[in-house]
Amino acid sequence: MNVKNFYTIEISDKQEWERVIKNCIFYDIYHTYFYHSLESSFPSVLFVSEFNDEMIAFPFKVRNIEDTGYFDLTSVYGYCGPIANKKFNILSKEHFTFFHQEFSNFCNKNHVVSVFSRLHPVCDYSTFFSDLGEVAAINKTVVINLDQSLESQIKQYRKSTKYEIRYLRERNFTIIETKSPSNIDNFIEMYYKTMEKVRAFDRYYYDRDYFHGFLNNDDYEVILLMAEQNGKFTAGAIFTIVGNVMQYHLATTAEDSIKDAPMKLILDEARIIAMKKNLQFLHLGGGFAGRDDDNLYLFKSGFSKNRLQFSVWKHITNIEQYNKLVAYMNIWRTVNNFFPLYRN
């Protein structure tokens with residue numbers, strides 16, 4: 001068999017998008033048609049490369065660069081990156097060469113100046129980007145390995161984490177799994193207050209329809225766990241389940257319950273649910289804004305000693321135009337590592 005094929009799938013073609021990613025050995029919620037359809041501020045496209053019996057798929061958002069006639073590609077918020085129907089370390093070098101050439105041709109023909117993608121920590125991309133752009137390590141993420149025995153999992157909990165979980169149970173904190181509209185609204189109200197408190201970027205302010213649609217979709221399993229005490233909700237978290245991975249997606253805690261840290265009880269319950277579903281990982285993610293030394297990372301690291309590396313891919317496809325845009329924006333390279341720099 002001698003197959004060489006490179007093409008794109010538009011977000012309007014749900015059936016084909018889903019067919020491709022479901023033929024990959026690994027994918028997460030952030031690769032799906034469903035997730036890209038929710039992120040509707042820019043159109044999405046799935047790049048597909050077929051080489052004999054191998055296939056690579058790589059989703060992006062396509063953003064216009066205002067008043068220029070040029071574009072750039074970026075990933076959705078979350079852990080994305082390329083996926084394939086085989087492990088990357090056994091894909092042929094010829095396929096990588098073919099993908100790189102065809103992807104570059106697409107960018108040149110369609111006036112794409114730069115490409116940026118967050119990469120999924122579960123995947124090993126060491127061979128994929130060896131000759132294409134730059135992969136930058138950002139921070140570590142925390143993952144609970146559910147293949148380990150229950151005893152081994154609990155043994156990795158920080159001593160204070162185990163104590164506080166027992167403390168919460170003794171104080172009548174309980175966890176419920178819910179999708180009732182009123183409970184989703186309670187979660188949304190808590191979430192908005194948390195975002196206001198931390199002065200979060202606009203991209204974190206999802207509207208109510210987003211939350212209700214996300215939790216009640218027909219394509220993928222999404223669960224909402226809420227902590228309550230004496231009839232009052234104190235915290236909530238949304239988890240996604242795709243393949244053998246449960247992902248800690250969005251979370252919030254009521255202001256007057258922060259000292260009690262009921263989120264620890266939620267994560268412990270999520271781990272139990274993930275085990276019952278015979279999943280392999282509960283991925284908790286990393287710290288805020290790519291930090292390994294903030295309170296969020298410290299909190300998550302109390303549940304596991306297992307770490308993964310989160311990295312991003314940065315690639316300038318038209319260096320001349322990229323430099324013109326940076327100069328036009330009057331941005332000093334020496335004091336700024338943002339990418340693409342012209343969007344800072």
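These exercises work through strands, helices and a pocket of a predicted model.

**Exercise 1. Trace the strand pairing around β10.**

Task: Which strands pair with β10, in which sense, and over how many bridges?

Solution: 
- Step 1. Start with strand β9, residues 221-229. β9 pairs with β10 in the antiparallel sense, over nine bridges.
- Step 2. I223 stands opposite F239 in β10.
- Step 3. Turn to strand β11, residues 245-253. The pairing of β10 with β11 is also antiparallel, over eight bridges.
- Step 4. T240 stands opposite Q247 in β11.

**Exercise 2. Inspect the two hairpins.**

Task: How many residues separate the strands in each hairpin, and which residue has a positive phi?

Solution: 
- Step 1. Between β9 and β10 there are two residues. N230, in this turn, has a positive phi of about 55°.
- Step 2. The hairpin of β10 and β11 has two residues between its strands. Here G243 takes a positive phi, near 60°.

**Exercise 3. Judge the burial of β10 and D209.**

Task: Is strand β10 largely enclosed or open, and is D209 buried or exposed?

Solution: 
- Step 1. Take β10, residues 232-242. Of its 11 residues, 10 are buried, so the strand is largely enclosed by the rest of the structure.
- Step 2. Locate D209. This residue is found in helix α7, residues 208-215.
- Step 3. Apply the cut-off: exposed means over 50% relative accessible area. D209 has 64%, so D209 is exposed.
- Step 4. D209 and S104 lie 105 residues apart in sequence, and their C-alpha atoms are 37 Å apart in space.

**Exercise 4. Describe helix α8.**

Task: What is the span of α8, and how many of its residues are buried?

Solution: 
- Step 1. α8 covers residues 263-276, 14 residues in total.
- Step 2. Compare spans. From first C-alpha to last, α8 reaches 20 Å, close to the 20 Å expected at 1.5 Å a residue.
- Step 3. Check burial. 10 of the 14 residues are buried, so α8 is largely enclosed by the rest of the structure. Among them are M263, L267, R271 and A274.
- Step 4. Look past the end. N278 follows α8 and has a positive phi, near 60°.

**Exercise 5. Characterise the second largest pocket.**

Task: What are the volume and lining of the second largest pocket?

Solution: 
- Step 1. Its volume is about 330 Å³.
- Step 2. The second largest pocket is lined by 14 residues. I25, K87, V122, C123 and D124 lie nearest its centre.
- Step 3. Sort the lining: eight residues are nonpolar, three polar and three charged.

Note on methods
Residues are numbered from 1 along each chain as its sequence is written. This is a predicted model: local features need pLDDT of at least 70, side-chain atom pairs count only at pLDDT 80 or more; totals for chains, interfaces and linings use all residues. Side-chain values use heavy atoms; hydrogens and water are left out. Buried means under 20% relative accessible area, exposed over 50%, partly exposed in between (1.4 Å probe, protein chains only). Helices (H or I, at least four residues) and strands (E, at least two) are DSSP runs, numbered from the N terminus. Two strands pair if DSSP finds at least two bridges between them. On a 1 Å grid over the protein atoms alone, a cavity is a set of points where a 1.4 Å probe fits but cannot get out, and a pocket is an open set with protein on both sides within 12 Å along at least five of seven lines; lining residues have an atom within 4 Å of a point. Grid points are joined across faces, edges and corners, and a volume is the space filled by probe spheres set on the points. Ala, Val, Leu, Ile, Met, Phe, Trp, Tyr, Cys and Pro count as nonpolar, Asp, Glu, Lys and Arg as charged, and the others, Gly among them, as polar. The expected span of a helix is 1.5 Å times one less than its number of residues.
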